[in-house]
Every structure is written in structure tokens, then in C-alpha cells.
Amino acid sequence: MDPHETLIRNLKEHSRLRSDDIAEICNFSLVTKELSPDQDFIRQGDQPKHAVLVVSGMVGRYHLLKGGRRQYLSFHMSGDLPDAQGLFIERMDHALCSIGPARVAFIPHKQILGAFERRPSLGIAIWRETLLDAAIFREAITNNSARSRPTRMAHLFCEVFYRARLSQLNKGNRCSMPLTLPQLGETLAMAIASVNRALHQLRSSGSMDFREGELIVLNWRELQRLGEFNPDYLHMKKPLTG
């Protein structure tokens with residue numbers, strides 16, 4: 001899909017865009033880049049001059065810890081603007097990398113800020129994108145600190161699958177989630193042994209399977225129950241059921 005259309009589709013999931021907003025987006029000068037798996041394209045400490053749009057694949061936001069360990073903070077898929085906060089901060093306090101092969105597009109900050117002046121409603125839509133990021137962060141904090149290991153894993157699977165369905169990135173009951181087991185552990189604050197135990201419990205429930213970077217949802221309602229997943233925090237105007 002054309003990067004401009006990808007961004008328009010994503011913003012329409014939570015905001016109402018007028019024809020002039022869409023025309024403004026279509027005037028953005030986008031430079032695309034193909035990424036190999038696990039390739040950094042934003043580093044902690046960078047002084048950002050471009051916003052990044054995920055065109056295809058999945059990218060992850062993470063903090064780099066002492067000794068090279070990572071804490072993954074969120075995952076982003078086609079249409080997302082994972083570093084829109086960079087419009088308003090001088091230095092990035094996190095890094096972004098590809099999770100599996102991905103394609104991203106870079107949008108100059110000057111163009112976006114100019115568009116905000118001409119089309120305040122578009123500025124509100126992009127601002128709302130950053131608020132949705134914040135809501136996902138808050139849920140991740142609750143997930144990792146207050147839920148059991150199988151529950152937090154089920155919740156993460158629910159979030160990724162729900163968002164993929166909303167953006168029509170799923171294939172029936174399957175969606176791409178090219179995470180390794182160590183990356184799952186770095187996301188959910190689990191040792192690899194705990195990751196394997198939690199996966200075994202979820203597979204035994206008959207609600208899902210996760211193999212070779214693909215999430216397979218076998219019983220959505222059961223997975224949702226196991227993950228204590230309520231999608232209200234995603235604030236989407238097109239909720240999904242079933």
C-alpha cells in the first residue's frame with residue numbers, strides 16, 4: 001500500500017479526517033526505507049528531525065539497559081507513527097527497531113508542523129495518536145506489574161491480534177507477530193523458562209498457538225478472558241467483537 005494511504009487509513013481508525021486533511025497528508029514528502037530484522041532506525045539520544053511511519057511489518061520501541069539487555073515497551077504495525085512524540089522533544093529517550101523485516105517511511109518534522117498550522121484537525125488526529133501510545137504504555141505497566149505471567153502473555157497476544165484485525169492485517173484467525181521467545185521475555189519481564197511455561201499453559205487452554213512468528217487465535221473469547229483484555233484503552237472508534 002502507498003505510505004500516504006497507510007497513514008490515512010490508520011488515522012481514520014480513531015479520528016475523523018476531512019478531505020483537506022487527506023490532501024495535506026498526500027502532500028507529505030515521504031522517504032521509505034527497507035529494514036532487516038532487528039535493525040535500529042531510531043536510537044536513544046538521537047535528535048529527531050523526522051517522524052516515522054510503519055508501512056509494513058512490525059517495529060518495537062525499547063529501552064536499552066545495562067549490559068545490552070532490552071525492555072520492549074510497545075509494538076507497532078502498519079499505519080502507526082511510533083515516534084510522533086519526537087515532534088515535541090529534543091532527544092529520543094527510547095529506541096526503535098524492526099521486528100522481522102519491515103518497511104518504514106520518514107516524514108520531515110517541518111512538514112508535519114506546517115500542516116498543523118494549516119489543518120488543526122489533522123494536528124489533533126496526530127496528537128491523538130500519541131495519546132493512544134500513552135494509553136498502551138499505561139496498560140503495559142499494569143500488565144507487567146499486576147497480572148500473572150500467563151495472563152500478561154495472553155493480554156499481549158490479544159492486543160496485537162485486536163489491532164491487526166482492526167487494521168485488516170490479519171489472515172482470518174492468524175496474524176504476523178515475528179517475535180522470538182527471548183523478545184517475548186524482554187517484553188513481559190519473564191525469564192525464558194517462564195516464557196515457555198506460560199506459552200504451554202495458553203496452548204493447553206486451546207485458545208491460541210504461537211509458532212515461527214505467527215499468532216493463531218483458536219478461541220478469541222477464551223483468550224480474551226485469560227488475558228483480562230478489555231480493548232477500551234485503545235480508544236478506537238470502530239470496536240470489534242467476536
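**Salt bridges, fold and surface of the predicted model**

Asp20, Asp21 and Arg119 are joined in a network of salt bridges, a salt bridge being a side-chain nitrogen of Lys or Arg within 4 Å of a carboxyl oxygen of Asp or Glu. The model is predicted, so local features need pLDDT of at least 70 and side-chain atom pairs count only at pLDDT 80 or more, while totals for chains, interfaces and linings use all residues. Residues are numbered from 1 along each chain as its sequence is written, and side-chain values use heavy atoms, with hydrogens and water left out.

Arg119 sits in the loop between H3 and helix H4 (120-146), whereas Asp20 belongs to helix H2 (residues 19-26), so the pair ties together parts that are 99 residues apart in sequence. Helices here are DSSP runs of H or I with at least four residues, and strands are runs of E with at least two, both numbered from the N terminus. Arg119 is buried at 18% relative accessibility, whereas Asp20 is partly exposed at 46%; buried means under 20% relative accessible area, exposed over 50%, and partly exposed in between (1.4 Å probe, protein chains only).

A search of the whole structure finds 15 salt bridges, and two further examples are worth a look. Arg174 pairs with Glu214, their closest N and O atoms being 2.8 Å apart. This pair links distant parts of the chain, with Arg174 in strand S6 (residues 174-176) and Glu214 in strand S8 (residues 214-217), 40 residues apart. Arg174 is partly exposed, with a relative accessibility of 35%, and Glu214 is partly exposed at 27%. The side chains of Glu13 and Arg9 also meet in a salt bridge, at 3.9 Å from N to O. Glu13 is buried, with a relative accessible area of 3%.

Turning to the overall fold, the protein has eight helices and eight strands. Its radius of gyration is 18 Å, close to the 18 Å that the globule rule gives for 242 residues, so the protein is as compact as a globular protein of that length. The radius is taken over C-alpha atoms, and the rule is 2.2 Å times the number of residues to the power 0.38. Along the principal axes, the C-alpha atoms fill a box of roughly 55 × 45 × 30 Å. Buried residues account for 52% of the 242 residues. Of the contacts (heavy atoms within 4.5 Å) between residues at least 6 apart in sequence, 73% join residues at least 24 apart.

The protein exposes about 11,700 Å², of which carbon and sulfur atoms supply 51%. Accessible areas come from the Shrake-Rupley method with a 1.4 Å probe, and for residues only the protein chains shown count as cover. On this surface, Phe88, Ile89 and Leu113 form a nonpolar patch with about 270 Å² of accessible area together. Patches are made of residues with over 30% relative accessible area and no salt bridge, with like charges joined within 9 Å and nonpolar side chains (Val, Leu, Ile, Met, Phe, Trp, Tyr) within 5 Å. Leu113 lies in helix H3 (residues 109-118) and is partly exposed at 35% relative accessibility.

Finally, the cysteines: the structure holds zero disulfides, a disulfide being a pair of cysteine sulfur atoms within 2.5 Å. The sulfur of Cys158 is 11 Å from the closest cysteine sulfur, that of Cys175, which is too far for a bond. Cys158 is buried, with a relative accessible area of 0%, whereas Cys26 is partly exposed at 42%.
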